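Please look through the model shown below before reading on. The text then goes through it one topic at a time.

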Amino acid sequence: MTYQYWDPQIEKMQRGDLEALQLQKLKTEIGYSLRTPFYKERLSKCGINSPDDIKTLNDLNRIPFTTKSDLRDGFPYGFLSIPKDDVIRLHSSSGTTGTPTVIYFNRDDIKNWASFMARCIYGTGCTKNDVFQNMITYGLFTGGLGFHQGGEEVGMLVIPAGAGNTARQFKMMQDYGTTVLHATPSFLLHLETKMKEAGVERESLSIKKAFGGAEPYSEDTRKRIETLLKVDVYNSYGLSEMNGPGVAFECQCKDGLHIWEDGYIAEIVNPDTLEPVKEGESGELVLTILCRETTPLLRYRTRDLTSFYTEPCACGRTHRKLRRITGRSDDMLIINGVNVFPSQIEEVIMAMKEVGNNYLIVVEKDGALDRLTVKTEVNANTFMDDSRLLNALKDKIKEMLKVSISINPKVELHESGSLPISEGKAVRVKDTRPKDI
Ligand code: DLL
């Protein structure tokens with residue numbers, strides 16, 4: 001196979017040189033961090049008051065981990081390293097309520113992100129001759145604009161299709177001769193189901209490749225999409241806190257995701273002890289960003305569970321590879337690509353006086369997509385035979401949940417005391433989706 005590289009000098013850099021580059025970038029990033037209220041205080045507590053206090057990459061271990069809750073505590077500008085007037089964009093994590101986790105960008109940060117995305121896209125064999133249909137949400141979510149900029153950087157014709165509406169998606173694929181797709185893996189599967197229903201002939205489409213990410217999926221799911229849609233599927237990993245997509249991506253070997261080590265320092269730690277795991281063992285991914293000025297983040301706990309490959313990749317890239325993400329070390333659910341914490345749902349329903357004391361969150365497969373049902377008891381004073389009142393309550397809960405978690409759940413109301421109570425810890429979430437990773 002002939003491999004193509006966006007930036008061969010960086011992608012195939014000798015490890016020693018790569019680590020020297022990381023050290024230089026880390027020092028720069030420490031400089032940015034010291035300009036933020038949050039890190040100024042945190043770093044001075046561990047004796048780091050200037051970039052020169054970092055002598056080797058090992059000095060990173062002196063710095064405590066940063067968590068999602070630190071980011072929330074620093075809302076809105078605690079992590080900002082430049083004057084607000086020089087910021088040109090913000091993104092925030094999907095599905096967070098109350099205090100969002102927000103990331104700011106200046107012009108260079110956006111350029112860097114676009115170039116990492118271009119590296120990912122080009123590395124799968126795409127060229128400027130491709131027509132790229134970006135079937136993922138645009139907006140605060142980073143998947144839309146992140147891939148959009150990367151596709152443009154490669155010079156592809158980018159269609160900002162956005163998510164949903166399969167009939168329109170097929171029409172665009174036919175009209176413009178789309179060759180490359182981007183969506184969540186569940187939407188790619190859903191597309192295939194709808195293709196049959198809509199009577200769209202696979203032969204009428206020119207699609208060859210698809211990027212799938214933003215949610216976990218197994219190797220079997222990848223194979224299924226590849227067989228059904230007759231495309232090559234590449235796994236794409238990222239998180240808003242680290243810009244969004246473009247952190248790690250599969251190359252043409254389709255066997256593990258290269259994490260761009262000139263943009264990120266990756267550590268894998270045991271989520272309980274927070275000690276590094278042995279080479280090749282599974283644990284929680286911790287990332288330090290090296291390619292953003294405006295919102296530096298040092299040793300950020302992603303909560304994603306994965307491991308490093310120990311063997312080099314056939315493509316010749318020296319940047320290490322991650323295995324596909326197998327789960328999370330917290331209770332975050334990913335429902336059709338949207339991140340939802342059970343506590344967000346609880347916050348909404350428990351604030352309503354008409355609601356009783358017990359509830360259950362059910363997540364299941366509905367065809368290829370995920371379905372969320374929130375079952376909640378009504379309070380003891382509510383008559384279960386007053387259907388008008390119950391329907392109004394159901395609509396109210398649905399609406400408030402939609403605002404809070406950005407997805408439309410199904411809501412079921414149950415009589416007070418009728419939902420099952422567990423003897424030990426309350427079981428609030430029943431996730432019956434197959435876990436075949
Ligand atoms: O999902 C960014 C993204 C967009 C990645 C498009 C890939 C494609 P968030 O909404 O902040 O950002 O969600 C980040 O999603 O911590 C993982 O738990 C999960 N996730 C993302 N990609 C994958 C993947 C975007 N390929 C959270 N496999 C992360 C498994 C993934 N989980």
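The coordinates come from a predicted model. In general, the strands of a sheet pair through backbone hydrogen bonds, and the pairing can be parallel or antiparallel. On the β14 side, the partner is β12, which covers residues 300-306. Two bridges join β12 and β14 in the antiparallel sense. Within β14, glycine 327 is the residue that stands opposite leucine 305.

Isoleucine 361 can be followed in both pairings: it stands opposite valine 374 in β18, and it stands opposite valine 429 in β20.

Next, a residue in a helix. Serine 343 belongs to helix α10, which runs over residues 342-350. Is serine 343 buried, partly exposed or exposed? Its relative accessibility is 42%, so serine 343 counts as partly exposed. Methionine 332 is eleven residues away from serine 343 along the chain, and 9.2 Å separates the C-alpha atoms of the two residues.

Aromatic rings come next. The structure contains 13 aromatic pairs. One of them is formed by tyrosine 39 and phenylalanine 79, in an edge-to-face arrangement with 5.6 Å between the centres and 90 degrees between the planes. Tyrosine 39 is part of helix α3 (residues 37-45), while phenylalanine 79 is in the loop between α4 (68-73) and β1 (89-92), so this pair ties together parts that lie 40 residues apart in sequence. Tyrosine 39 and phenylalanine 79 are both buried. Elsewhere, ring pairs join Phe132, Phe147, Phe211, Tyr234 and Phe249 into a cluster.

Rings also take part in contacts with charged groups. Arginine 119 has its charged end over the ring of tryptophan 260, at 4.9 Å from the ring centre. Over the face of phenylalanine 105 lies arginine 292, and here the distance to the ring centre is 6.0 Å.

The cysteines close the account. A disulfide is a covalent bond between the sulfur atoms of two cysteines. How many disulfides does the model hold? The count is zero, with a cut-off of 2.5 Å between sulfur atoms. For cysteine 120, the closest cysteine sulfur is that of cysteine 291, and at 11 Å this is too far for a bond. With 1% relative accessibility, cysteine 120 counts as buried. For cysteine 315, the closest cysteine sulfur belongs to cysteine 313; the distance is 3.6 Å, which is also too far for a bond. Cysteine 315 has 2% relative accessibility and therefore counts as buried.

How values were computed:
Residues are numbered from 1 along each chain as its sequence is written. This is a predicted model: local features need pLDDT of at least 70, side-chain atom pairs count only at pLDDT 80 or more; totals for chains, interfaces and linings use all residues. Side-chain values use heavy atoms; hydrogens and water are left out. Two strands pair if DSSP finds at least two bridges between them. Helices (H or I, at least four residues) and strands (E, at least two) are DSSP runs, numbered from the N terminus. Buried means under 20% relative accessible area, exposed over 50%, partly exposed in between (1.4 Å probe, protein chains only). Rings of Phe, Tyr and Trp (its six-membered ring) pair if their centres lie within 6.5 Å; planes under 30 degrees apart count as stacked, over 60 as edge-to-face and the rest as tilted. A charge sits over a ring if NZ of Lys or CZ of Arg is within 6 Å of the ring centre and within 35 degrees of the ring normal.
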